[in-house]
Amino acid sequence: MKTVAVIGAGPAGLMAAEVLSQSGVQVDVYDSMPSVGRKFLMAGKSGLNLTHSEPFEQFAARYGSRRKWIEPMLKEFDASELREWAKELGIETFVGTSGRVFPVNMKASPLLRAWLKRLQNNAVTIHTRHRWIGWNKNQSLRFETIDGEKLVKADAVILALGGGSWRKLGADVSLVDWLEQAGVKVEALKSSNCGFDVAWSEYFREKYQGQPLKSVVLSFESFRQQGEFVVTKHGVEGSLIYACSAQVRDAIAAHGTTNIQLDLAPNLSHDDVLKKLSKPRGSKTMASHLEKTVGIKGVKAGLLREFLSKDDFGNLERLADAIKSLSIPLIAPRPIDEAISSAGGVLFEELDEYLMLKKLPGIFCAGEMLDWEAPTGGYLLTACFASGRVAGQGALKWLTNS
Ligand SMILES: Cc1cc2nc3c(=O)[nH]c(=O)nc-3n(C[C@H](O)[C@H](O)[C@H](O)COP(=O)(O)OP(=O)(O)OC[C@H]3O[C@@H](n4cnc5c(N)ncnc54)[C@H](O)[C@@H]3O)c2cc1C
């Protein structure tokens, strides 16, 4: 019987294992961690956003410059097929108000449990605590295990090692070295869907860290979106920041630092703000005048104080300008270990249409370790599942022809 080694038991690797096992191939899945799917389970902690319900055209556009490679995979396994697949595992899904798709109970663990059971029924063997560390001279896979190094030969290999974020959930940035040593071109891994550092004053940091900025409009280059984020000890984090993080990260890489613009009063026009601020202040402090007239208080008022000089804070025109477009200087993306996902990875040019490495026939790659990125919204998981399927199908085709 032909054997396939799948390395990495996240959504991409398990999906490849499923495709292969349904065709009677012996599948062994290896993972360095003591248990499987840790990042997937973590994703379920804040509500597992499996996919998105928007039209295919919009969905495919989320992959930006990598769309041409991701789109064919999504055509084989799109959001509705993913929902159908989850349903077959007994997991009903629903569309949230934002169009995002979640399991009804919001969690990842019931889905993973049902999935692992199905894989076990298909005779897939899972080997945990097996860290892949490259190949030996005979092209055997080398694994570090608690019993020492183990060598494995397989007729085909699927690498589904994930991206570089959250080392404690199994991410292993050494994959870049091992693949480069094997002659495969890999784009350096970078933070994606990440927060950024801001040089807050000690006073601002102490007073406002952990506080949410609710309903602001963030503008950056062509990006303009209403939403919220959080002030952190180091800078800024949260959904609105993640949404523009790829553009911001690239601008920082090109220019050193960059500024985002915040509209702190999105429901008022500039004229409205100025008119309201121009009402007689009487003996009130500027802070209380700001709150009474335009409803700006707390962390929003703190931000104005942080970035405006005393003179500008007291000048109604300049204060209104800042309320409608406050520049926040971002210094650096947060480290990859803290990011939701990573950009970079194995270049698509290194792969054929079945995600087989052109330089290493019989070895396939899938999931976040490929060189693509997407915003949050279920796009990450959908592409991981879809690419796992393609790699699994590719390995089957390879086994048939070799
Ligand atoms: C906090 C958080 C929340 C998220 N929420 C969402 C969400 O709601 N929706 C969404 O679409 N995406 C979400 N994501 C992203 C999503 O979880 C990942 O994109 C997805 O898990 C990547 O799947 P993968 O199979 O490519 O890799 P992974 O899930 O990272 O799996 C890779 C596996 O490979 C193993 N491995 C790595 N190196 C080795 C090695 N050398 N030897 C053996 N095994 C190895 C790892 O232990 C791991 O189990 C979230 C991520 C985080 C961190």
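Reader: How far is the backbone N or O atom of Leu381 from an oxygen atom of the ligand?
Author: This is a predicted model. In it, a backbone N or O atom of Leu381 sits 2.8 Å from a ligand oxygen atom.

Reader: And what does the ligand have by the backbone of Asn49 and Pro11?
Author: For Asn49, a polar backbone atom is 2.8 Å from a nitrogen atom of the ligand. For Pro11, a polar backbone atom is 3.2 Å from an oxygen atom of the ligand.

Reader: How much of the ligand's accessible area does the protein cover?
Author: On its own the ligand has 1000 Å² of accessible area, and the protein covers 95% of that.

Reader: Which elements give two or more residues to the shell?
Author: Those are α1 (11-21), α2 (38-43), β7 (131-135) and α16 (379-401).

Reader: Which residues come nearest, and what is the shell like by class?
Author: Asp31, Asn49, Trp132, Glu368 and Leu381 come nearest, out of 32 residues around the ligand. By class, 17 in the shell are nonpolar, 10 polar and 5 charged.

Reader: Switching to cysteines. How many disulfides does a search of the whole structure find?
Author: The search finds 0.

Reader: Is Cys244 buried or exposed?
Author: Cys244 counts as buried, at 2% relative accessibility.

Reader: What about Cys384?
Author: Its sulfur is 13 Å from the closest cysteine sulfur, in Cys365, so that pair is too far for a bond as well. Cys384 is buried, with a relative accessible area of 8%.

Methods:
Residues are numbered from 1 along each chain as its sequence is written. This is a predicted model: local features need pLDDT of at least 70, side-chain atom pairs count only at pLDDT 80 or more; totals for chains, interfaces and linings use all residues. Side-chain values use heavy atoms; hydrogens and water are left out. A disulfide is a pair of cysteine sulfur atoms within 2.5 Å. Buried means under 20% relative accessible area, exposed over 50%, partly exposed in between (1.4 Å probe, protein chains only). A residue is near a molecule or strand if one of its heavy atoms lies within 4 Å of it. A polar contact is a pair of N or O atoms within 3.5 Å; within protein, one must be able to donate a hydrogen and the other to accept it, and residues adjacent in sequence count only if both atoms are side-chain atoms. Accessible areas come from the Shrake-Rupley method with a 1.4 Å probe; for residues, only the protein chains shown count as cover. Helices (H or I, at least four residues) and strands (E, at least two) are DSSP runs, numbered from the N terminus. Ala, Val, Leu, Ile, Met, Phe, Trp, Tyr, Cys and Pro count as nonpolar, Asp, Glu, Lys and Arg as charged, and the others, Gly among them, as polar.
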